[in-house]
Amino acid sequence: MVVLRAMIRDLATGADATRMMSTIMIVIAISPLLAPLSGSALLTFGTWRLVFWALLLAATLSFFLIYFMVDETLPPENRQRFDLITMRKGLGVLFTDRGFLAMTFLAGFAFASFFVFIASASFVYTGQFGLSPTQFSLAFAINAFGFFAASQFAATISRRVGAKKMIVRATTGFAFATFGLFALALLGFANLYVTIAGLFLANMFLGVVLPTAQVLALEEQGEHAGLAASLGGTMQMVAAGVLVAATGPLMDGTVVPMLGAIALCGVIALVLSRLIPRHAAVAVV
């Protein structure tokens, strides 16, 4: 995940980088979409051990694809020494960059909403709504489809309205969609179909927010692209992990706490979108 973001920063900036990141988002979204379906299919042919053989095959295939088909994207003249002094200087620059921190945590808490959904959806859909494993896989796939379908329009919208304006609007839409769905749940109206439709809408906004935020976080970090991608990925995963751990004890297998945690992610992302420096829009229009 770190190397992919750094490679995109090496190859492109602005809307072109957003387009490339959106393509990566297809894989990120399709993976959880296909995982339950493919796992269920494997278990019809063997025991749980077959899943790990499939993982070994995928890892081996990935290794050969990277080794034989992926070229180095960073020219030799732009490479830096790998030592503690260089890293310390780079970290000092990143931790004082307001735009980098705002975009990194915005992407982190936006992505955390997807983590919350992955962690609790199976209990809600099969427990409260009574779906079978196959039905759950299909319901899960619908929500993931909204995410990666919308992400493909991020670069086009970025060129037309500017990345700063787009991400603020998309984050606002994500916050209102998640909070509205949570309100419906509190009122007792969040049945299966309302939940799927509401999360589909929220994930469409999320599909625009995530690739753009990740690109903007690295936009002005060309000299520290690898370190910025590494630090940004770590901070995003920590933010998502902390939120999932903090809300985990509140999860009771019903839809209300799940949607409440997702709405919390939306509100935090909305607040962070207001902290983006004004000059961030100039770099990507």
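The legends below describe close-up views of a predicted model. Local features need pLDDT of at least 70 and side-chain atom pairs count only at pLDDT 80 or more, while totals for chains, interfaces and linings use all residues. Residues are numbered from 1 along each chain as its sequence is written, and side-chain values use heavy atoms, without hydrogens and water.

**View 1. The largest nonpolar core has 37 residues.** Such a core is a set of buried Ala, Val, Leu, Ile, Met, Phe, Trp, Tyr and Cys residues joined through side-chain atoms within 4.5 Å; buried means under 20% relative accessible area and exposed over 50%, with partly exposed in between (1.4 Å probe, protein chains only). Met103, Leu106, Ile167, Leu206 and Leu210 touch the most other members. Helices H5 (98–128), H6 (133–151), H8 (163–186), H9 (192–219), H10 (225–247) and H11 (255–273) each supply at least two residues of this core. Helices are DSSP runs (H or I, at least four residues), numbered from the N terminus. H9 gives the largest share, nine residues.

**View 2. Met103 and its contacts.** Beyond its neighbours within four places in sequence, Met103 is in contact (heavy atoms within 4.5 Å) with Ile167, Ala213, Leu216, Ala217 and Ile276.

**View 3. A second, separate core has 25 residues.** Among them are Ala121, Tyr125, Phe136 and Leu192.

**View 4. Helix H1 spans residues 2–11.** Arg5, Ala6, Ile8 and Arg9 are buried. Seen down the axis of H1, its buried residues fall within an arc of 155° (taken from the directions from the helix axis to the C-beta atoms), so they line one face of the helix. Exposed Val3 and Leu11 are on the face turned away from the buried side.
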